[in-house]
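Subject: Structure handover

Hello,

Here is the structure for your files. My notes on it follow below.

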Amino acid sequence: MKKIKLIVLAILLVIICSGCKATYTVTYENDNFSEEVVIDGLSSEEQAKFSRFDDPFSLKIDDDNSYTYKNAGERRVFSYDMGDKLQKTPLLKYCFEKIYIVDEKDYIHVETGGKYYCSDFDVVLKIKTDKKVLDSNASSDEDGVYTWDNLKDGVNVQISKQNVIQDSDVVISKRTKDLLIRLAIVIVFIIVIVFMVIYIKRRNGDE
């Protein structure tokens, strides 16, 4: 079964649930992308709709890859390792009329457009990354996790391909260098003033 068909099927099952909640997380860490759909609050009747996924073969993408599926009572989890390229996530493709992924040398830009089809459902999007996020319209962000609680305004995020730690080290190094230069200038200035004062006193003493 193809990946997109499989996950869209799971999403279709989610949106017909009366009280369940879907959290879709895209993780971009160590230059690798992965995705996870967590479905919570399933009733006994709704849980039965996921029985088809108990067969591992239904999650097969190709000979080497398949989704990981966890059955934990009221919770269901679908996860998949995308690799080093971000794909158009089926969840966003289902909820949005248009989705654009611009993959440049230094950054990745993701933006949605057109109509939003999931306004009646409880869907939360999270992007977790160890990279520097240059711009986003996320509802909130904390410790590298960017959350969209309400997707009606769309998704717009630009992520650097550089790690936050690396960027921070560059900033700290630059600030340290600037501080040392300023300190050296101040020290030289003080030394010059001291020598001038000594010179003037000696000159006045000789006279």
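A polar contact is a pair of N or O atoms within 3.5 Å; within protein, one must be able to donate a hydrogen and the other to accept it, and residues adjacent in sequence count only if both atoms are side-chain atoms. The model is predicted, so local features need pLDDT of at least 70 and side-chain atom pairs 80 or more, while totals for chains, interfaces and linings use all residues. Residues are numbered from 1 along each chain as its sequence is written, and side-chain values use heavy atoms, without hydrogens and water.

Ser 160 lies in strand 11 (strands are DSSP runs of E, at least two residues, numbered from the N terminus). Its side chain reaches the backbone nitrogen of Gln 162 at 3.0 Å. Ser 160 is buried, with a relative accessible area of 7% (buried means under 20%, with a 1.4 Å probe and protein chains only).

Strand 3 (residues 68-72) and strand 4 (residues 75-83) pair in the antiparallel sense over five bridges; pairing needs at least two DSSP bridges. Lys 70 has Val 77 in strand 4 as its bridge partner. Two residues separate the strands of this hairpin, and Gly 73 takes a positive phi near 65° there.

The lining of the largest cavity has 17 residues, with Val 26, Leu 86, Thr 89, Val 110 and Ile 127 nearest its centre. A cavity is a set of points on a 1 Å grid over the protein atoms alone where a 1.4 Å probe fits but cannot get out, and lining residues have an atom within 4 Å of a point.

Regards

Conventions:
On a 1 Å grid over the protein atoms alone, a cavity is a set of points where a 1.4 Å probe fits but cannot get out, and a pocket is an open set with protein on both sides within 12 Å along at least five of seven lines; lining residues have an atom within 4 Å of a point. Helices (H or I, at least four residues) and strands (E, at least two) are DSSP runs, numbered from the N terminus. Buried means under 20% relative accessible area, exposed over 50%, partly exposed in between (1.4 Å probe, protein chains only).
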